[in-house]
Amino acid sequence: MATNYLTSTQEYTELFSSPMAIIISLALLVITIAGWWKMFEKAGTAGWKAVVPFYCVYCIYEIAFGKGKGWLFILLLIPCVNLVLCIILNIKLSHVYGKGTGFTIGMVLLPVLFYLILGYGNASYIGPDVTQE
């Protein structure tokens with residue numbers, strides 16, 4: 001049984017451009033911005049920077065990797081490297097906020113939820129240069 005490619009493409013487009021998909025995407029965006037805003041403030045960066053496209057990603061990389069290393073976000077444009085770099089970013093973020101391995105796994109699997117936990121929880125920013133035992 002052959003599938004009509006045009007029909008399956010239309011169904012895919014209708015599914016992911018439905019009002020419910022748009023509402024869910026916007027909700028996830030707002031939750032991420034709220035978590036990042038508080039994370040930025042804990043790191044001593046102005047919270048409004050979490051709202052500015054591209055600049056917020058630059059700032060989150062500076063928070064995780066240290067001052068002057070925000071340029072690493074440009075590597076997100078390279079296929080496959082971006083996946084690895086996002087995982088490394090979440091690992092670094094959990095460590096700069098003083099969290100352990102379990103939290104790191106959560107950051108990799110459910111980053112939006114764990115950004116909220118980092119931002120609104122009791123985590124404090126210890127910086128990228130501090131090593132944990």
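1. Buried means under 20% relative accessible area, exposed means over 50%, and partly exposed is in between (1.4 Å probe, protein chains only).

2. A word on what you're looking at. This is a predicted model, in which local features need pLDDT of at least 70 and side-chain atom pairs count only at pLDDT 80 or more, while totals for chains, interfaces and linings use all residues. Residues are numbered from 1 along each chain as its sequence is written, and side-chain values use heavy atoms, with hydrogens and water left out.

3. Now the overall layout. The chain has six helices and zero strands, so the pattern along the sequence reads α-α-α-α-α-α (helices are DSSP runs of H or I with at least four residues, strands are runs of E with at least two, and both are numbered from the N terminus). The C-alpha trace spans about 60 × 30 × 30 Å along its principal axes. Of the 133 residues, 30% count as buried.

4. How much of the contact count comes from residues 24 or more positions apart? Among contacts with a separation of 6 or more, such pairs account for 49%. Contact means heavy atoms within 4.5 Å.

5. The chain carries 7 positive and 6 negative charges, whose mean positions are 12 Å apart. Lys and Arg count as positive, Asp and Glu as negative, and His and the chain ends are not counted. Each charge is placed at NZ of Lys, CZ of Arg, CG of Asp or CD of Glu.

6. Back to Met 39. Leaving out residues up to four places away in sequence, Met 39 touches Ile 60, Leu 93, Tyr 97, Tyr 115, Leu 118 and Gly 119. Tyr 115 turns up again with Thr 32, a residue of helix α2: beyond its neighbours up to four places away, Thr 32 touches Val 112 and Tyr 115. Thr 32 is buried, at a relative accessible area of 17%.

7. Which residues does Thr 104 contact, leaving aside neighbours within four places in sequence? They are Ile 91, Ser 94 and His 95. The side chains of Thr 104 and Ser 94 are joined by a polar contact of 2.6 Å (a pair of N or O atoms within 3.5 Å; within protein, one must be able to donate a hydrogen and the other to accept it, and residues adjacent in sequence count only if both atoms are side-chain atoms). Lys 92 sits twelve residues from Thr 104 along the chain, with 8.5 Å between their C-alpha atoms.

8. Finally, two backbone angles to check. Phe 54, in the loop between α2 (19-42) and α3 (55-65), has a positive phi near 70 degrees although the residue is not glycine. Phe 54 is exposed, at 65% relative accessibility. Cys 80, in the loop between α3 and α4 (81-96), is another non-glycine residue with positive phi, near 75 degrees. Cys 80 is exposed as well, with a relative accessible area of 63%.
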